[in-house]
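Here is a short report for a first look at this model. Keep the structure open as you read.

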Amino acid sequence: MKSNWWKQAVVYQIYPRSFQDSNGDGVGDLQGIIQRLDYLEKLGIDVIWLSPVYQSPNDDNGYDISNYYEIQPEFGTMEDMEQLINEAKKRKIKIVMDLVVNHTSDEHPWFIEAKKGKENPYHDYYVWRDPVEGDVPNDLTSVFSGSAWTFDPQLEQYYLHLFSKKQPDLNWENEKMRQDIYEMMNFWLDKGVGGFRMDVIELIGKVPDEKVTANGPRLHEYLQEMNKHTFGQHDVMTVGETNSVTPEEAKLFSSEDRNELSMVFQFEHMVLDQQIGKSKWDLKPLNLTDLKKVLSIWQSALKDEGWNSLFWNNHDQPRIVSRWGNEQEYRVKSAKMFAILLHLMQGTPYIYQGEEIGMTNIKVNDLSQLDDIESINMYHERLEAGYSKEEIFRSINTKGRDNARTLMQWDTSEQAGFTSGQPWLEVNENYDAINAAQALEDTHSIFYCYQQLIQMRKNNPLIVHGDYQLLLEDHPTIFAYTRSYQGETWLVVANFSEETTDIALSDHPTSLVPLISNSEKENYDLQDLKLSPYETFAVQLERP
Ligand code: TEU
Ligand code: CA
């Protein structure tokens with residue numbers, strides 16, 4: 001029987017490389033995560049989404065898997081993994097694995113076999129095409145720059161890779177391949193994992209000859225088959241990463257009666273600061289009314305059918321407080337604004353490591369400081385295309401994925417307490433002011449704002465089930481909405497700007513004690529609101 005427990009849950013994403021090193025080799029690991037479970041229990045989260053920890057050559061930091069059944073040695077052993085699952089379980093925390101099955105590493109045995117010959121039984125596990133007029137089969141491109149096709153001179157064929165050339169796409173039309181994937185998923189379910197985050201799962205139905213990548217014709221057939229043969233037999237959660245999904249398509253993935261997934265990550269709000277029709281690197285300022293409109297559409301669309309995930313951050317996105325808040329003067333206030341706005345919406349919230357202490361982007365100005373293949377490939381591609389280094393690094397410092405991958409900042413000791421050795425990536429120098437130890441000491445820290453929001457979700461069914469209604473939709477700097485459930489109504493108001501904003505909200509009580517806020521005010525007069533920069537609060541308008 002499905003309990004839909006994940007509708008009340010809050011998820012914390014860990015990027016293991018950067019979370020906590022336990023053995024001084026400068027790379028985060030599983031024992032390091034185990035050491036920090038008490039911290040996560042204090043925060044109050046219910047689930048850890050663990051970015052990939054399987055064996056990988058790390059071309060894309062683990063999103064290129066060479067063995068789904070073995071733990072990456074630098075992260076630890078299978079025993080460490082089993083210990084993490086059990087130690088988390090003791091704290092009522094589930095471990096959700098990152099399932100990367102759109103592609104494998106080119107060092108996976110399947111691909112090594114596939115390259116041996118067209119007759120090899122594993123050859124058809126991947127997507128191979130003959131040259132067309134001596135060139136690539138078509139103009140499909142990789143997310144990481146360049147063509148999505150790489151030529152294998154032995155086979156005299158191209159293979160498809162929508163990401164790096166070391167990440168060959170799997171051919172989901174091959175039933176035996178699908179069965180092997182399901183067998184692997186059941187291996188992890190039998191270990192007691194709490195579910196899966198499914199990497200670029202919208203791509204597994206691709207039809208390369210028609211240049212169809214997302215939402216291919218058999219996508220939902222595969223997901224229903226996967227559900228039936230694996231997680232559908234367990235009371236676990238699944239979340240699909242679907243970069244291009246629309247609200248209507250999201251219902252196809254997450255409506256309960258379709259027996260596919262629990263929810264999906266939609267990215268419509270995550271592209272509002274890039275020039276339309278261009279790439280993430282082509283920047284434009286965020287327009288708040290666009291953000292209000294997009295998030296509200298998703299709140300309403302999935303109100304009765306499907307389920308929302310709620311996030312500002314992940315390992316691919318820049319830090320929200322730097323991106324759309326103010327990482328200097330108003331860092332704490334703007335970080336709390338993002339937390340309150342998101343966590344009082346309907347859906348399952350995701351906290352990315354460091355978000356709960358207001359970690360920021362990092363400034364780089366040289367290629368040697370980059371780790372992420374996406375940024376490095378863009379650097380070379382755009383330098384060749386004539387972009388200036390200044391333009392390139394403005395884009396990378398604004399949107400590069402390394403911004404999210406700097407070391408978790410634990411305290412003011414060397415390397416922010418992340419490692420006793422030389423870290424794999426440089427630490428953000430602001431760790432002396434921004435770190436978990438300082439946050440735990442400060443009752444007004446961002447950490448305790450998240451802790452309060454997580455506790456509110458557990459104590460108030462209105463947050464999970466309440467109807468959402470946007471207010472002042474055209475207001476350029478105020479983001480305000482209500483949540484209503486069984487006769488109770490909450491009002492959430494944020495001054496999403498650096499200007500002091502005065503507003504009057506029609507005929508409401510004039511003195512309301514905030515349920516939560518990022519200010520010291522003891523009550524709010526809704527008929528005469530003077531909101532300081534990033535000031536945010538929630539009040540109860542009507543009692544049940
Ligand atoms: O991301 C999918 C994807 O398209 C990302 O590359 C992301 O949307 C983009 O970088 C934003 O600029 C998933 C994983 O989250 C990512 O870390 C992997 O690199 C990618 O798939 C390939 O596995
Ligand atoms: Ca380590």
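## Ligand 1

A polar side-chain atom of His-315 sits 2.9 Å from an oxygen atom of ligand 1. The protein covers 93% of the 480 Å² of accessible area that ligand 1 has on its own. Such areas come from the Shrake-Rupley method with a 1.4 Å probe; for residues, only the protein chains shown count as cover.

Lys-280 also places a polar side-chain atom 2.5 Å from an oxygen atom of ligand 1. For Asp-316, a side-chain N or O atom is 2.5 Å from a ligand 1 oxygen atom. Around ligand 1 there are 18 residues, of which Asp-60, Asp-199, Lys-280, Asp-316 and Glu-374 come nearest. A residue counts as around the ligand if one of its heavy atoms lies within 4 Å of it.

## Basis of the model

This is a predicted model: local features need pLDDT of at least 70, side-chain atom pairs count only at pLDDT 80 or more, and totals for chains, interfaces and linings use all residues. Residues are numbered from 1 along each chain as its sequence is written, chains are lettered from A and ligands numbered from 1 in the order in which they are written, and side-chain values use heavy atoms, with hydrogens and water left out.

## The calcium site

Which protein donors hold the calcium ion (ligand 2)? They are Asp-21 (OD), Asn-23 (OD1), Asp-25 (OD), Val-27 (O) and Asp-29 (OD), at 2.2 to 2.4 Å. Donors are N, O and S atoms within 2.8 Å of the metal (3.2 Å for Na, K and Ca); water is not among the atoms, so sites may look incomplete. Along the chain, the spacing is D-x1-N-x1-D-x1-V-x1-D.

Val-27 is buried, at 8% relative accessible area. Asp-25 is partly exposed, at 36%. Buried means under 20%, exposed over 50%, and partly exposed in between (1.4 Å probe, protein chains only).

Methods: Polar contact = N/O pair within 3.5 Å; in protein donor to acceptor, adjacent residues only side chain to side chain.
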